[in-house]
Amino acid sequence: MKNIYLVGMPSSGKSTLGKELARNLGYSFTDMDKLIETREQKTVSEIFSNYGEAHFREIEKKTLRSFQPNQSMVIATGGGIPCFNDNMDFIKENGVSIFLNVDVNDLAKRLYKAQGNNRPLLDKSQSEEVVIASIKKTFEERLSYYQKADIQVDGEITVSQLLWLLDQYLPV
């Protein structure tokens with residue numbers, strides 16, 4: 001069965017929805033950022049700060065391309081992965097892509113309130129207004145990549161609704 005790739009901004013619900021979706025389909029679930037952290041034995045933030053974004057994006061690309069097509073997997077991608085190294089083309093060629101489109105103001109609130117500073121492109125030492133403006137800018141930069149997904153859904157979608165939408169993409 002085709003792999004399913006969830007794309008969208010950090011805190012859009014890719015991992016939460018992905019786990020439930022995988023359970024309902026009988027697929028395995030993988031969170032790419034967690035997989036990278038396990039393989040590299042460093043957090044994503046540590047990789048960014050120690051080696052830079054370009055190095056991280058190369059690790060992401062290699063990790064993405066390590067997934068074989070038709071493995072019955074739900075994969076929660078990192079927020080930036082569709083925007084680099086022709087990764088969105090790879091995703092679309094090797095599975096079904098779903099963009100979780102959460103309102104940017106809701107995303108900004110979720111990200112700002114998140115515990116710790118575990119988002120490499122988010123500097124929570126700045127004021128809430130500056131952080132929110134930064135999140136909105138990043139969202140606007142990434143939106144055209146996210147919109148290439150096979151399916152675009154509101155971030156508040158239920159798994160049963162998503163299963164109905166996926167019906168045309170997955171053989172019975």
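**Close-up views of a predicted model**

View 1. Val-102 is buried, with a relative accessible area of 3%. The model shown here and in the other views is predicted. Val-102 sits in the loop that joins strand 4 (95-101) to helix 6 (104-113). Beyond its neighbours within four places in sequence, Val-102 makes contact with Ser-12, Leu-107, Arg-110, Phe-139 and Gly-155.

**View 2. Helix 7 and its bend.** Helix 7 comprises 19 residues, 128-146. At 1.5 Å a residue the helix should span 27 Å, and the distance of 25 Å between its end C-alpha atoms agrees with this. A bend of about 30° occurs in helix 7 at Glu-140.

View 3. Ser-11 is located in the loop between strand 1 (3-7) and helix 1. The phi angle of Ser-11 is positive, about 70°, although Ser-11 is not a glycine. Most residues other than glycine have a negative phi.

**View 4. Lys-14 and Ser-15 in helix 1.** Lys-14 is part of helix 1 (residues 14-25), and Ser-15 is found in helix 1 too. Lys-14 has a relative accessible area of 7%, so it is buried. The value for Ser-15 is 22%, which makes Ser-15 partly exposed. Leaving out residues up to four places away in sequence, Lys-14 touches Leu-6, Val-7, Gly-8, Met-9, Phe-29, Ala-76, Thr-77, Gly-79 and Leu-100. With neighbours within four places again set aside, Ser-15 is in contact with Phe-29, Asp-31 and Ala-76.

**View 5. The loop between helix 4 and strand 3.** Gln-68 lies in the loop between helix 4 (53-65) and strand 3 (73-76), and Asn-70 is located in this loop as well. Gln-68 is partly exposed, with a relative accessible area of 48%. Asn-70 is also partly exposed, at 47%. Asn-70 is not a glycine, yet its phi is positive, about 60°. Gln-68 and Thr-30 are 38 residues apart in sequence, and the distance between their C-alpha atoms is 13 Å.

**View 6. The aromatic pair Phe-48 and Phe-56.** Two aromatic pairs are present in the structure. In the pair formed by Phe-48 and Phe-56, the ring centres are 5.0 Å apart and the planes stand at 40°, so the pair is tilted. The tilted class lies between stacked, for planes under 30 degrees apart, and edge-to-face, for planes over 60. Both Phe-48 and Phe-56 are buried.

Technical notes. Residues numbered from 1 in each chain as written. Predicted model: local features only at pLDDT ≥ 70, side-chain atom pairs only at ≥ 80, totals over all residues. Heavy atoms only, no water. Phe/Tyr/Trp six-rings, centres within 6.5 Å; stacked < 30°, edge-to-face > 60°. Buried < 20%, exposed > 50% of the residue type's maximum accessible area, 1.4 Å probe, protein only. Helix = DSSP H or I, 4+ residues; strand = E, 2+ residues; numbered from the N terminus. Expected span 1.5 Å × (residues − 1). Bend = angle between axes of the 7 residues up to and from the residue. Contact = heavy atoms within 4.5 Å.
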